[in-house]
Amino acid sequence: MTAKTLFEKLWQRHAVLDTDDGQTLLYIDLHLINEVTSPQAFDGLRLNSLQPWRADSVLATADHNVPTRERDAGISDAVARRQVEALERNCAEFGLRLFGMNDQRQGILHVIGPEQGLTLPGMSIVCGDSHTTTHGAFAALAFGIGTSEIEHVLATQCLSMKKLKTLRIILDGTMPAHLTSKDLALALIGQIGTAGATGFAIEFSGEAVAAMSMEARMTLCNLAIEAGARCAMVAYDAVTREYLKGRPQAPQGTTWEAAEAYWRTLHSDPGAVFDRELHLDVDSIRPHVTWGTSPEMVSDIDGCVPDPAAENDPVKRRGMERALSYMGLEPGTLIREIRLDKVFIGSCTNSRLEDLRLAADVVRGRQVANSIVQALVVPGSGLVKRQAEAEGLDRVFTDAGFEWRDAGCSMCLGMNEDRLGAGERCASTSNRNFEGRQGAGGRSHLVSPAMAAAAAIAGHFVDIRDL
């Protein structure tokens, strides 16, 4: 038999029909729905007198617009409130599972899917959010879709898509102390660019990946979209098994045994051929910080803001000039000298319990710098929040001067009251540093949770290896 990549195994298992125009009709196992991208899809169902094909395949929750404090008072912003209320009405009308705003299980979809054991190896998973790539860490085929596609999946349980090329990224070596998968992802994006993996499905492998926790793998896959990839994945192994075993919605008993027999096949076969392969030596990578308005505009902590005049490509040079103008930075400025106004620890990239523990380890016994206007910690789900509080992490943060909030996307994209003001500079554990992403005129620097925590204490970027 021909050796297959993990992507090919998942694709073939879900392929319903190959069409004459080169598309494949894929069956979808799990559909995650939020309040921002779904309203028009439900309107389409009503217009066409359609019902969801498999209501039990859907999980909905509001995460983008929900307030992260004083939630009992409701949502003050009228547009945000209407979106959340519309999601609640739509789920009630069509009989879909919803974790409501005050449900303890509520949180960011890409956190609660794995947390609940709804995200399982071998699945095809879609959501109207580009960072659905996160779920690929479980040897799943997971990617974001648009509003019209949300309606199509709801009505037919299928999606038409062109088969992707395959890219294996091998992370060689052993992770140095204090280095995280966020740093690896930023280093990779800095190397290949935000379009470097366009048209590809990434499989992460290698010694460093095998040693990673599931939380770290989820961060790695989460950021694959920022390198241009449509999806990313990691093979099933003992780390995956230990994370999933006992999760509320995961298989139990003999069903678990049968499922795991299949899951153990979810790896690339020896001799499988990829369209492209790339090696990254993790031993030499240092903690990373973005300096511009794209994730590829990044440097390690020992670097400095680059000079656009040294860039030969005129398009890139103009992009750098625009970014530095927006960010208010001068060429040659040391990354360590960039001073901050706010710090945000959260988002679907870095709001899991492991992320909060890493940040708390840095913060413990220290105080937020006087120059920091605000430092937020926003757990990825109500259950993450509860467990963190059981471990006393909330007190570590609040004693140091951080604000401890309820679960939600929060300042990652500034769709609720948590946002940057014009000109404010933020160390953020989120995934995008685009112009205005965290608030109109706000300036975002992407870092790991440990680096964000250290920056809050110092008031500027520091190397956590020095602490």
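Visitor: What should I know about the model before I start?

Guide: The model is predicted, so local features need pLDDT of at least 70 and side-chain atom pairs count only at pLDDT 80 or more, while totals for chains, interfaces and linings use all residues. Residues are numbered from 1 along each chain as its sequence is written, and side-chain values use heavy atoms, with hydrogens and water left out.

Visitor: Let's begin with the record. Which residues does UniProt list for "binding site"?

Guide: UniProt positions follow the numbering used here, feature names are shortened, and annotations may be inferred rather than shown by experiment. Here an unreviewed entry lists Cys348, Cys409 and Cys412 under "binding site". They are spread over 65 residues of sequence but cluster in space, with a largest C-alpha distance of 8.6 Å.

Visitor: Where is Cys348 found?

Guide: First, the element names: helices (H or I, at least four residues) and strands (E, at least two) are DSSP runs, numbered from the N terminus. Cys348 is found in the loop between strand E15 (342–345) and helix H12 (353–363).

Visitor: Is Cys348 buried or exposed?

Guide: Buried means under 20% relative accessible area, exposed means over 50%, and partly exposed is in between (1.4 Å probe, protein chains only). Cys348 counts as buried because its relative accessibility is 7%.

Visitor: And what is Cys348 in contact with?

Guide: Contact means heavy atoms within 4.5 Å. Leaving aside neighbours within four places in sequence, Cys348 is in contact with Ile108, His110, His131, Asn222 and Asn431.

Visitor: How does Cys409 read on those points?

Guide: Cys409 lies in the loop between strand E17 (403–404) and strand E18 (425–428). Cys409 is buried, with a relative accessible area of 7%. With neighbours within four places in sequence left aside, Cys409 is in contact with Asp63, His64, Ile108 and Phe344.

Visitor: Now backbone angles. Which residue in the loop between E15 and H12 is worth a look?

Guide: Most residues other than glycine have a negative phi. Ser347, in the loop between E15 and H12, has a positive phi of about 85 degrees although it is not a glycine. At 0% relative accessibility, Ser347 counts as buried. Ala139 has a positive phi too, near 60 degrees. Ala139 sits in the loop between E6 and strand E7 (141–144) and is buried, with a relative accessible area of 0%.

Visitor: What follows H12?

Guide: Gly365 follows H12, and its phi is positive, near 80 degrees.

Visitor: Which residues of H12 are buried?

Guide: An α-helix has 3.6 residues a turn, so residues three or four places apart point the same way. In H12, the buried residues are Leu353, Asp355, Leu356, Ala359, Ala360, Val362 and Val363. They pack against E15, strand E16 (374–377), helix H13 (382–390), helix H14 (393–400), E17 and helix H15 (449–458).

Visitor: How do I read a sheet?

Guide: Two strands pair if DSSP finds at least two bridges between them. Five bridges join strand E2 (residues 23–27) to E8, where Gln23 has Lys162 as its bridge partner.

Visitor: Which strands pair with E3 in the parallel sense?

Guide: Strand E3 (residues 30–33) pairs in the parallel sense with strand E6 (residues 124–127) over three bridges, and Leu30 stands opposite Ile125. E3 also pairs in the parallel sense with strand E4 (residues 58–61) over three bridges, and there His31 has Val58 as its bridge partner. Leu30 and Leu32 point one way from E3, His31 and Ile33 point the other way, and all are buried.

Visitor: Last, the domains. How far apart are the C-alpha centres of domain 1 and domain 2?

Guide: Domain bounds come from an automatic or database domain assignment, which gives domain 1 (6–161) and domain 2 (294–458). Their C-alpha centres lie 28 Å apart. The contact takes 23 residues from domain 1 and 25 residues from domain 2.

Visitor: How much area do domain 1 and domain 2 bury between them?

Guide: Buried area is the accessible area (1.4 Å probe) that two parts lose on being put together, summed over both. For domain 1 and domain 2 this is about 2,000 Å², 55% of it on carbon and sulfur atoms. Thr68, Gln104 and Ile108 supply 32% of the area that domain 1 buries against domain 2, more than any other three residues.
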